[in-house]
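Okay, everyone, let's get the next one up on the screen. I'll go through a few residues with you.

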Amino acid sequence: MLVLTQGDPAGIAPEITAKAWHALREQGPAFVWVGDPALLEGLVPLRIVHDLAQAACVFAQALPVLPLSLAVPAVPGQPDRRNAATILESIRRAVLLVQQGAADAVVTNPISKDVVQGPDFTHPGHTSFLAELCGAEGREVMMLAGPSLRVVPVTVHVALRKAIEQLTAERIVETARTVAAGLERDFGLEHAPRLAVAGLNPHAGENGLMGDEELRIIIPAIETLRAEGYDVAGPMPPDTLFTPQARAGYDVALCMYHDQGLIPLKTLDMAQGVNVTLGLPIVRTSPDHGTAFDRAGQNRADPTSLVCALQLAGRLVRNRQTAEGRKTA
């Protein structure tokens, strides 16, 4: 059983949740939604439940709900900071259910970082908040995965100038180690993970003519990883890294900043892209899009990314269980 969080109640989360249940009610994976039932009234048949065993029994007939209450009624397209506490409580409760062994994985609906910012949330996004809840701060890595491509930004939700300042060989090495371990454990690869490392500058720096970060930071990181036995290619020029021929040669691309990886991922796989957090003791996925306040309440939201996130979470759980079974055998 998966746990799906409420997300921002003023965004498209209620709509895509209802549509995802309609898409998955017969074949699964089954999930329980943690949120205010009023958000889904009229969109989907609901069943208030008190435990996940009950949720599994009713999933084919109705969406099981572990209820929370919003501070104020949600208005589509009008985010309200007064509901931040419920948004965060949904995430906390979902994580706790997995930590207690009652659920298998967390799937998170989109939230607005601006809405939830405050004393209880000082993070740049979901990922580091989940790491804090799991006691894994500093080990979390964001991967975007689609049918055509997997990418990992080494620096994430920071200004481009700050991303360059944050880029270090140690950061690249630590990220690559976490990614390789996650691919081996959760993605069921039948071979050693193949990592492609992007350059930062045009033409991957052209031997220092267009920037020296490759020489000072990226190449030393690659050499360290190769010495540890990892299969690593690079630094690869960013303008050719995502061609079909290049993609055939690696399992994941490590990108130096956020948009370097997310632009090609969303260009190729926007509808089916999934955000996966590696480095956590739990499985967590989410859609690769945001709250879409401008589309909320209009029945125009595409649930495909959420459906893919739920399906991928189920596969990752099975792969992790298989990998852990091999270790104990």
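So, which residue's side chain has a polar contact with the side chain of His258? That's Asp259, at 2.7 Å. By polar contact I mean a pair of N or O atoms within 3.5 Å, where within protein one must be able to donate a hydrogen and the other to accept it, and residues adjacent in sequence count only if both atoms are side-chain atoms.

Quick housekeeping: this is a predicted model, where local features need pLDDT of at least 70, side-chain atom pairs count only at pLDDT 80 or more, and totals for chains, interfaces and linings use all residues. Residues are numbered from 1 along each chain as its sequence is written, and side-chain values use heavy atoms, with hydrogens and water left out.

Back to His258. You'll find His258 in helix α10, residues 258-269 (helices are DSSP runs of H or I, at least four residues; strands are runs of E, at least two). His258 counts as buried because its relative accessibility is 19%; buried means under 20%, exposed over 50%, partly exposed in between, with a 1.4 Å probe and protein chains only.

Now His157. His157 sits in the loop between β7 (150-153) and α6 (160-166). With 37% relative accessibility, His157 is partly exposed. Setting aside neighbours within four places in sequence, His157 contacts Lys113, Pro124, Met142 and His258, contact being heavy atoms within 4.5 Å.
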